[in-house]
Amino acid sequence: MPSSLTAVQPGIVSARRPVPAAIARPEYVDRPAPAPYDGPEVKSPEILERMRVAGRIAAQAMAAAAEVVAPGVTTDEIDRVGHEFLLDHGAYPSTLGYRGFPKSLCTSVNDVICHGIPDDRRLEDGDIVNIDITAYVVLDGIGVHGDTDATYPVGDVDEESRLLVERTHEAMMRGIKAVRPGRQMNVIGRVIESYARRFGYGVVRDFTGHGIGTAFHSGLVVPHYDAAPRYDTVIEPGMTFTIEPMLNLGTHEWQMWDDGWTVVTKDRSRSAQFEHTLVVTDTGAEILTLP
């Protein structure tokens, strides 16, 4: 079956995994929404020091979860591995209880663009799966988030899917390289869409990168398409945000499952995504979500 037609269906979602009381939770857990963020986008050295810790733990949790990706493994098992890794390192899974999300990471398979809920569906040979994981770490009373995701092939994938994954990673890296103090935020999307357009990929518009720090989502928006003249925030040293392009083999348009989370391509073509959390430096950007 062509890769563009291997759409997934909802599975059974297991019970929520427990978190020891000793691990500090973000303020929004089990509330309808987070408290509005009204702090600065430029972070202090103290916040950045903590974000480096959270970013490193998130990257290591990602690596642990990715190790179990294989045909026959359920996405719920991927969630279990990521959940336990974060807890073992004193971190809270930022997605767990965020606006009611029931799991500790997102698994988005094939035509799922983002926010897929881990369930009992087993990965199949030829699938691609995106894992999106965020660590919340509290150090000396200050909690921060580190957010990352990546797309992985499952077994032997077709060439079209392999290239989509490879090029989506390259699109993210090009977006990161475009970050410079004094530039407008929309330059990131211009660079990403310019690259993706070479291959006829749809660039998702309605789900974007975001400011991050003590807040999971600060309100700062980082578009991955050419949105100029909108999103003209001037990039400054010390800003922290994510770049996380989602590229589709077909249309950029999407639909949502009845669960209120799972976003799929409207034409059921495959989608890939990569994400890093970064801080703006005097000359460019430092990636915080590296192991």
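User: How many bridges join strand 6 and strand 10, and in which sense do they pair?

Analyst: Strands of a sheet pair through backbone hydrogen bonds, parallel or antiparallel. Here strand 6 and strand 10 (residues 246–248) pair in the antiparallel sense over two bridges. Pairing needs at least two DSSP bridges; strands are DSSP E runs of at least two residues, helices H or I runs of at least four, numbered from the N terminus. Gly202 stands opposite Asn248 in strand 10. This is a predicted model: local features need pLDDT of at least 70, side-chain atom pairs 80 or more, while totals for chains, interfaces and linings use all residues. Residues are numbered from 1 along each chain as its sequence is written, and side-chain values use heavy atoms, without hydrogens or water.

User: What is the strand order in the sheet?

Analyst: The open sheet runs 6-10-13, with antiparallel pairing. Strand 6 (202–203) and strand 13 (271–273) are the edges, each pairing on one side only.

User: Which residues of helix 1 meet helix 2?

Analyst: Contact means heavy atoms within 4.5 Å. Ile57, Gln60, Ala61, Ala64 and Ala65 in helix 1 meet Ile78, Val81, Gly82, Phe85 and Leu86 in helix 2. By class, that contact has eight nonpolar, two polar and no charged residues; Gly counts as polar, Ala and Pro as nonpolar, and Asp, Glu, Lys and Arg as charged.

User: What does Ile188 touch?

Analyst: Leaving out residues up to four places away in sequence, Ile188 touches Gly175, Val179, Val222, Pro223, Ile235, Phe241 and Ile243.
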